[in-house]
Every structure is written in C-alpha cells, then in structure tokens.
Amino acid sequence: AEEKVMAFYNQVAEGQHSDAYILLSPDWKRELSFDDFVVGYSRTDSLRTEIINVFELGEDRFQVDVSMEAVEEGEPIDYLGIYTVEKVDGKWFLTSGSLKRQVRAL
C-alpha cells in the first residue's frame with residue numbers, strides 16, 4: 001500500500017500523469033476524468049511526499065496517511081492526505097483519497 005502511494009506521487013512529481021492515473025481504481029477514474037486529474041496538478045512545480053502511517057482496514061485494504069509539501073507557482077504549501085489502497089480484481093489501486101491544506105507556521 002505504501003509503495004503504491006509513493007509510486008503515485010513520484011509519477012505526479014515527475015509529470016508522468018498518465019502513469020499516476022493508471023494507479024487509481026476504475027471506480028475513482030469514473031468520478032475523476034484524466035483531464036480533471038491533470039488540471040488538478042497544473043500549478044504544481046514540485047512535490048515532496050512522506051508516509052506518516054499505514055493502517056490495515058481489513059483483508060487487502062489499507063489506509064495510508066501522507067504529509068506533503070507542494071510548491072505551487074513558486075509558493076510552498078503543506079498538505080496532509082489520507083488514501084485508501086485496496087486490491088481490486090487481483091490488482092492494487094488507490095481507491096479513494098483526500099488532501100487538506102495545512103496552515104504554515106510563521
């Protein structure tokens with residue numbers, strides 16, 4: 001699960017959006033078009049992602065918590081994220097996720 005989330009963010013950071021998008025589950029892709037996915041990262045100059053915790057939610061299902069620093073149009077922005085990684089039809093996918101922007105300490 002940890003490897004899938006890191007692979008996802010490494011591909012996003014390298015601008016390999018199609019490779020990152022493949023890691024999303026079929027259900028998530030039905031909700032989020034590839035074009036909208038790419039637009040979501042269009043302002044991102046760089047990403048640094050770190051796994052904080054991994055929790056087993058059941059057989060073949062994990063929650064992966066991440067901390068991220070993104071540089072968006074030159075401005076550093078901190079995020080905390082929660083992703084669910086599950087085995088679907090014998091393959092591992094990110095099945096859901098959310099990022100919340102954090103307030104930077106001065």
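Helices (H or I, at least four residues) and strands (E, at least two) are DSSP runs, numbered from the N terminus. The model you are looking at is predicted, so local features need pLDDT of at least 70 and side-chain atom pairs count only at pLDDT 80 or more, while totals for chains, interfaces and linings use all residues. Residues are numbered from 1 along each chain as its sequence is written, and side-chain values use heavy atoms, with hydrogens and water left out.

Is threonine 49 buried or exposed? Threonine 49 counts as buried because its relative accessibility is 16%; buried means under 20% relative accessible area, exposed over 50%, and partly exposed in between (1.4 Å probe, protein chains only). Setting aside neighbours within four places in sequence, threonine 49 is in contact with Met6, Tyr9, Val66, Ser67 and Met68, where contact means heavy atoms within 4.5 Å.

Let's follow one of those partners, tyrosine 9. Again leaving aside neighbours within four places in sequence, tyrosine 9 is in contact with Tyr41, Leu47, Thr49, Met68, Tyr83 and Leu99. Tyr9 also belongs to the largest nonpolar core, which has 22 residues; Val5, Phe8, Tyr9, Phe37 and Leu94 are those with the most contacts inside it. Two or more residues of this core come from each of α1 (2-13), α2 (17-22), β1 (44-58), β2 (61-72) and β3 (75-88). A nonpolar core here is a set of buried Ala, Val, Leu, Ile, Met, Phe, Trp, Tyr and Cys residues joined through side-chain atoms within 4.5 Å.

At least two lining residues are supplied by each of α1, α4 (34-40), β1, β2, β3 and β4 (91-102). The lining divides into 13 nonpolar, four polar and two charged residues; Ala, Val, Leu, Ile, Met, Phe, Trp, Tyr, Cys and Pro count as nonpolar, Asp, Glu, Lys and Arg as charged, and the others, Gly among them, as polar.

Now to the strands themselves, which pair if DSSP finds at least two bridges between them. β2 and β3 run antiparallel and are joined by 12 bridges, with methionine 68 having tyrosine 79 of β3 as its bridge partner. β3 and β4 also run antiparallel, joined by 11 bridges. Across that pair, tyrosine 79 stands opposite arginine 101, and valine 85 opposite leucine 94.

In the loop between β3 and β4 lies aspartate 89, which has a positive phi of about 50° although it is not a glycine; aspartate 89 is exposed, with a relative accessible area of 79%. Aspartate 60, in the loop between β1 and β2, has a positive phi near 60° and is partly exposed, at 30% relative accessible area.
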